[in-house]
Amino acid sequence: MKSALSTQQPPARSSRPRRRIGDAPPAILTAFFLFLLTPAFVTPARAQESSYIVTYDHYLEEPGSLEVEYFSTFGTQRGGNDFHSFWAEFEYGATAWWTTELYFDGQTTFNDSTIFTGFRWENRFRLLQREHFINPVLYVEYEQTSGADKILKEVEGHDVEADYADPNSISRQEHDHEIETKLLLSKTFQGWNIAENTIATKNVTGGNPWEFGYALGTSRPLALKASAHRCNFCRENFIAGIEMYGGLGDRHSFGLHETSHYLAPVVAWNLPSDWTLRLSPGFGLNDNSHRFLLRWGVSREFPNFGSAIARLFGGRKQ
Amino acid sequence: MTTTMIRPATKANLLLIAAAFALAVATLPAHAQGGTYVPKKNDGRVYAELTKAPKKAIARRNPMEKDPDAEAAGANLFDQHCAECHGELAEGTRKGPSLRVDQVQQATPGTLFWLLTNGVVRRGMPVWSKLPEPERWQIVSYLKSLSPETTEPKPQ
């Protein structure tokens, strides 16, 4: 099925209105400049981050904290060149019930080029004040990306491997404005977290229908009790789990027909030295999926970031 | 590799969203400062959350009560996750109230565990159910070991 798609006319994504989006080295430079500048005026704290890379649980960023993250995905590509996509993420806890995030995406397609592919602004809202049997969180994101975006942060609609086979010079001419919504449901019981995300996305350029997708995840720390002394390799610092995600078609053709799906073990290492490392090899589950995606990421949390910014602008001194 | 400039429309949207993000960072009340604790008017309402614990939660016993390492582990966890708002000695900061006051020290372990699990989201305290149950009980053990309104260093 995939080979037919890759050798015939361009898939559904390519039928969208094409506009040019250019390289944006200044945006990438700005993102990395911020990344480097941040530690200069805030103090870090050990994070207790989940192991998921695609799935969201119901836990939000602590109020006033900024988490700076970098993620990479290496992906194999049949009918085209393999790629390395990457994104920088700035996640800020505005309140205990609202987390806002800014993403900058890019990718390198081997034997082709390296380009900036767009940005995303994500917001997550906790809907219930206390913990319940299932905890819902509403996710709303606006993204402005080119057709060359390959971060595969979520899979939706009829996204298939062949969509990513075009050279950057062609795919970057497609320009998408998408509103993405998710209902995140999550529960933690006896150390196990179980999370389910339902995705609905609308590309507001052109008359594209709503597209749907899902992500499922479960994870658990390797130990549930903390050690009396800080240590790097204590079992409680490691969280292991598994994710599964894929598309569910669109409003006109809902279902598994011509969709891609992935299964990915995940592991996170929360270091006492303030960093979190994540690793996740992902495997395509059908012929429409990339055969292999290797993801890894590094993040660091900076508490009281909001206070530091406020002080820069003349806020109250300590 | 081509090096065309970013489109003006893209740049404008990017700036707009960056400005909104900066506004969220700079203006929301979550960003109260650290520093010396000064009791605030709404502290009473924060402590009143303790009275909302259900009877079943209040009656729960701390399974780590007799664990000799629980206080030390709890102190580490407190330092990593709680001291940012409540102060290194749990004495309170402008961001979070003191945990050495009578209202907290006289609460049952089950009540403290319930509050830690559910947070006080409206008043800025996140839920901490992402910490496994034994770790939350370890934090409770540490809190119950604190002497009221003193400045003794934490156990190492």
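1. How many helices and how many strands does chain B have? In this predicted model, chain B has eight helices and zero strands, and its elements accordingly read α-α-α-α-α-α-α-α when followed from the N terminus. Of the 156 residues in chain B, 44% count as buried, and among the contacts that link residues at least 6 apart in sequence, 75% join residues at least 24 apart.

2. The axes of helix α4(B), residues 70-81, and helix α8(B), residues 133-145, come within 7 Å and cross at roughly 100 degrees. Since angles of 65 to 115 degrees are classed as roughly perpendicular, α4(B) and α8(B) are therefore roughly perpendicular to each other.

3. As for the residues that make this contact, α4(B) contributes A70(B), E71(B), A73(B), G74(B), A75(B), L77(B) and F78(B), which meet E135(B), Q138(B), I139(B), S141(B), Y142(B) and S145(B) of α8(B). Sorted by class, the contact of α4(B) with α8(B) holds seven nonpolar, four polar and two charged residues.

4. Helix α8(B) itself has 13 residues and reaches 19 Å from its first C-alpha to its last, which is close to the 18 Å expected at 1.5 Å a residue. The buried residues of α8(B) are E135(B), R136(B), W137(B), Q138(B), I139(B), V140(B), S141(B), Y142(B) and L143(B), and these buried residues pack against α4, α6 (102-105) and α7 (109-118) of chain B.

5. Turning to chain A, 12 strands close into a barrel, in the order β1-β2-β3-β4-β5-β6-β7-β8-β9-β10-β11-β12, with antiparallel pairing. Neighbouring strands of this sheet are turned against each other by 20 degrees on average, direction ignored. Within chain A, strand β8 (residues 211-221) and strand β9 (residues 238-250) pair in the antiparallel sense over 10 bridges, and T218(A) stands opposite I242(A) in β9(A).

6. Leaving aside residues up to four places away in sequence, W192(A) touches T218(A) and R220(A). W192(A) and H290(A), by comparison, are 98 residues apart in sequence and lie 29 Å apart in space, C-alpha to C-alpha.

Key: Residues are numbered from 1 along each chain as its sequence is written. Chains are lettered from A and ligands numbered from 1 in the order in which they are written. This is a predicted model: local features need pLDDT of at least 70, side-chain atom pairs count only at pLDDT 80 or more; totals for chains, interfaces and linings use all residues. Axes are lines fitted to C-alpha atoms, for helices over the stretch in contact, and angles run from 0 to 180 degrees between N-to-C directions. Helices (H or I, at least four residues) and strands (E, at least two) are DSSP runs, numbered from the N terminus. Angles under 35 degrees count as roughly parallel, over 145 as roughly antiparallel, 65 to 115 as roughly perpendicular and the rest as oblique. Two residues are in contact if their C-beta atoms, placed from the backbone, lie within 7 Å. Ala, Val, Leu, Ile, Met, Phe, Trp, Tyr, Cys and Pro count as nonpolar, Asp, Glu, Lys and Arg as charged, and the others, Gly among them, as polar. A residue is buried if 20 or more other C-beta atoms lie within 10 Å of its own, exposed if 12 or fewer, and partly exposed in between; C-beta atoms are placed from the backbone. The expected span of a helix is 1.5 Å times one less than its number of residues. Two strands pair if DSSP finds at least two bridges between them.
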